[in-house]
Amino acid sequence: MKALVKSTRKITEIILHCSASREGDNWSVEGVRKYHKSLGWVDIGYNYYIELDGSVKEGRNVNITGAHTVGHNANSIGICYCGGVDRNLKPKDTRTDAQKEALYALVNELLILYPQATIHCHNEYANKACPSFKIDQFKKELKQWLEQKHEHKCNYK
Ligand SMILES: [Zn+2]
């Protein structure tokens, strides 16, 4: 993906989501954008979107407040991965290895751009399963990934 553009908004939170689409169904960023616009929204609700193959796509312009977490949109960046439920629409962490890798790399880049930001899951702020994993688990994964990468300049806290 292209180098990340720093938002003109003050960013204090990075919030993780899933698209709640069935495991294996590949919804492109344009498909989700079209769906959100059909709801009457100005654009896709998330700022970044990770497709099944790990492609990181730009969603809503980072300078514009997203629509993904009630009460937390103004000062956050919303990231969504494609998936998050099984074939019966039950919550399931369906991230592919490529999506995990892309998510760690994206969050790490964002923490360098916004060193004061903290990472969260949607399920911390709403009675929802989204993104079908817990923040403690994600932080553990990210730490492991960073250690494997011997990444010392990151701002992860
Ligand atoms: Zn969500």
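Is R33 buried or exposed? At 15% relative accessibility, R33 counts as buried. Keep that residue in mind as you go through these close-ups of a predicted model.

**View 1. Three residues hold the zinc ion.** Look for H17, H122 and C130, the protein donors of the zinc ion. The two histidines each use their ND1 atom, while the cysteine uses its SG atom. Written along the chain, their spacing reads H-x104-H-x7-C. The pair H17 and C130 links distant parts of the chain, 113 residues apart. H17 belongs to strand 1 (residues 13-18), whereas C130 is in the loop between strand 7 (118-121) and helix 3 (135-148). Buried or exposed, what are H17 and C130? Both are buried.

**View 2. Helix 2 meets helix 3.** Here you can follow helix 2 (residues 97-113) as its axis comes within 10 Å of the axis of helix 3. The two axes cross at roughly 85 degrees, which means helix 2 is roughly perpendicular to helix 3. On the helix 2 side, the contact is made by E101, L103, Y104, A105, V107, N108 and L111. Helix 3 brings F138, E141, L142, W145 and L146 to the contact. Sort the residues of this contact by type and you get nine nonpolar, one polar and two charged.

**View 3. R33 pairs with E30 and also with D43.** Back to R33, then. Side chains of opposite charge can pair when their charged atoms come close. One partner of R33 is E30, in a salt bridge with an N to O distance of 3.1 Å. E30 and R33 are three residues apart in helix 1 (residues 29-38), so about one helical turn separates them. E30 counts as partly exposed because its relative accessibility is 47%, and R33, as you saw, is buried at 15%. R33 also forms a salt bridge with D43, and there the closest N and O atoms are 2.7 Å apart. R33 lies in helix 1 but D43 sits in the loop between helix 1 and strand 3 (48-50), so this pair ties together parts that are 10 residues apart in sequence. D43 is buried too, with a relative accessible area of 16%.

**View 4. K143 and E147 pair up within helix 3.** Now for a salt bridge in another helix. The closest N and O atoms of K143 and E147 are 3.8 Å apart. Both residues lie in helix 3, four residues apart, which is about one turn of the helix. What are the relative accessible areas here? K143 has 47% and is partly exposed, and E147 has 48% and is partly exposed as well. In total, the structure holds nine salt bridges.

**View 5. K92 and the residues it touches.** Find K92 in the loop between strand 6 (84-85) and helix 2. K92 is partly exposed, with a relative accessible area of 36%. Which residues is K92 in contact with, leaving aside its neighbours within four places in sequence? They are E23, Y81, G84, V85, D86 and S132. Take E23 from that list: along the chain, K92 and E23 are 69 residues apart. Even so, 8.2 Å separates their C-alpha atoms.

Notes. Residues are numbered from 1 along each chain as its sequence is written. This is a predicted model: local features need pLDDT of at least 70, side-chain atom pairs count only at pLDDT 80 or more; totals for chains, interfaces and linings use all residues. Side-chain values use heavy atoms; hydrogens and water are left out. Donors are N, O and S atoms within 2.8 Å of the metal (3.2 Å for Na, K and Ca); water is not among the atoms, so sites may look incomplete. Helices (H or I, at least four residues) and strands (E, at least two) are DSSP runs, numbered from the N terminus. Buried means under 20% relative accessible area, exposed over 50%, partly exposed in between (1.4 Å probe, protein chains only). Axes are lines fitted to C-alpha atoms, for helices over the stretch in contact, and angles run from 0 to 180 degrees between N-to-C directions. Angles under 35 degrees count as roughly parallel, over 145 as roughly antiparallel, 65 to 115 as roughly perpendicular and the rest as oblique. Contact means heavy atoms within 4.5 Å. Ala, Val, Leu, Ile, Met, Phe, Trp, Tyr, Cys and Pro count as nonpolar, Asp, Glu, Lys and Arg as charged, and the others, Gly among them, as polar. A salt bridge is a side-chain nitrogen of Lys or Arg within 4 Å of a carboxyl oxygen of Asp or Glu.
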